Amino acid sequence: MEIEEAFCLSGEKGRRLRVHRAEGFGDERAALRDYLRGDALMRRFFEVFLFEDVSAADRRTDDLYLDEVRRCDIYVGLFGSDYGSENAEGLSPTEREFDLATVEGKYRLIYVRGTDDAARHPKMRVLVGKAQAGLIRKRFNTPSELVAGLYAALVEYLEERHLIRSGPFDAAPCTKATPGDLDPERMAWFIRTARATRRFPLAPDASPAELLEHLNLLDDGHLINAAVLLFGKQPQRFLISSEIKCAHFHGTEVAKPIPSYQVYKGTVFDLVDAAVDFVLGKIALSVGTREAGPQAPVRYEIPKEVVAEAIVNAVAHRDYTSNGSVQVMLFSDRLEVWNPGTLPPSLTLEKLRQAHGSVPANPLLAEPMYLTGYIERMGTGTRDMIRHCTEAGLPEPEFAVSDGFQTIIRRVRGRGTGEPREETREEPREKTRDKILALIAANPSISTNELAEQIGITPKGIEWQIQQLKRAGQLKRVGPKKGGRWEITEGGDE
């Protein structure tokens, strides 16, 4: 007589695994229960649930088990020698469960104990034959063999559904994204930029499909995460935490109200550009003379290369499986850039300050960023940051790993940082106009694009500021748009 017992696994994603047990499988059932409860990976996705912990109330026991088959995602059958008690139709509970799992389209895993089919009950031999077509994962003789076989099958199940991965995150398929979710203009920009920066071999008129294929951004015809992060119209629709948060504080600690706070969305290129502009627009800028050449030297209190490198590293090397976002925080005494990630096993904080190889956490993301000149892919980024800070008279950057990776760049008092103070809404705009006038004084022929690049805001933002300066009578244009020059006038205050 067969005594029906079972347990199921329910996971954080709502997955349930139903394991049937016939009489004589007590040791195997206990081994599966104990192992799956103790394994870190299985425990992450599944929770062991024993049926004897639930009262069946007035329901028939066999109905309870069949209902559980309907609820499960995976059905695991353990087939032995005995067939078990039969109902009026001549079917055992084991076969009824198997048939229901088949009709319901459940993911089925069947394990058969022993290799001597001749010793089995005739109806069990028929049932084993019914399950023969691609369902029998392993024959086993001991509980340990069963555990090993089921564990391997469950790992394969999780990999097939991209719930776990053996490769980097950026190489995993973005299952809900389609080519229509990518921005053709951004892809065309990439080809133009990569050709000019790194002699990228694709022709300017190469199709999006050719670009994706060339950059290895497809997996069996499906877009991978890197494709969405690089070229998506709305990457955060699929990868929510890939945004970047920027905040500016007047003091040295996080405190409300926050004077300036922005959450940027878009591709990795958009995120880097926006975050760098955010910082450069809020730190001191000095303009030198044109003694050494036609262009007056411009210097930020924190070198632009250092700001860009810290932010690019955070975006390119972060852990995209984390729910955390990259955070850029500017205080009166320092710039902090944090990302949810850590160093690869081959690197330490000490090695970052020495010559070291490039070990990108997201290699398929890093390659296109290298092709467009955002990163060098030579492991020189942190050493370049140290060099630029030293040349600018700043302390060396600090690196730390705690709940993520953190870069801290110290500011120097007296370079525009000042003491904490109240700032009106209009004051940042006035600072930007002062910077525009200083750059124009140094180079009257400077273009709006050059102003935008050096100040760290968009060309449209520069055009708006210039209009305000013209209305205030502080600036006018002499000559044509191309070939003309700016002239600073003695206008009144706005």
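Two strands pair if DSSP finds at least two bridges between them. Helices (H or I, at least four residues) and strands (E, at least two) are DSSP runs, numbered from the N terminus. What you're looking at is a predicted model, where local features need pLDDT of at least 70, side-chain atom pairs count only at pLDDT 80 or more, and totals for chains, interfaces and linings use all residues. Residues are numbered from 1 along each chain as its sequence is written, and side-chain values use heavy atoms, with hydrogens and water left out.

**View A. Strand β14 and its two partners.** On one side, β14 runs antiparallel to strand β16 (residues 405-410), joined by six bridges. Look for asparagine 339, whose bridge partner in β16 is phenylalanine 405. Four bridges also join β14 to β13 (residues 326-330), again antiparallel. There, tryptophan 338 of β14 stands opposite glutamine 327. β13 and β14 make a hairpin, with three residues between them.

**View B. Both faces of β14.** In a regular strand the side chains alternate between the two faces of the sheet. Here Arg334, Glu336 and Trp338 sit on one side and Leu335, Val337 and Asn339 on the other, and they are all buried (under 20% relative accessible area; exposed is over 50%, partly exposed in between; 1.4 Å probe, protein chains only). Since six of the six residues of β14 (residues 334-339) are buried, the strand is largely enclosed by the rest of the structure.

**View C. Tryptophan 189 meets phenylalanine 269.** The structure holds eleven aromatic pairs. This one is edge-to-face, because the ring centres are 5.1 Å apart and the planes sit at 65 degrees. (Rings of Phe, Tyr and Trp, its six-membered ring, pair if their centres lie within 6.5 Å; planes under 30 degrees apart count as stacked, over 60 as edge-to-face and the rest as tilted.) Tryptophan 189 belongs to helix α7 (residues 184-198) and phenylalanine 269 to helix α10 (residues 268-280), 80 residues apart. Tryptophan 189 is partly exposed at 22% relative accessibility, while phenylalanine 269 is buried at 0%.

View D. Phenylalanine 249 and phenylalanine 331 are stacked, 5.1 Å centre to centre with 15 degrees between the planes. Phenylalanine 249 is in the loop between β9 (244-248) and β10 (260-264) and phenylalanine 331 in the one between β13 and β14, so the pair ties together parts 82 residues apart in sequence. The charged end of arginine 334 sits over the ring of phenylalanine 331, 3.9 Å from its centre (NZ of Lys or CZ of Arg within 6 Å of the ring centre and within 35 degrees of the ring normal).
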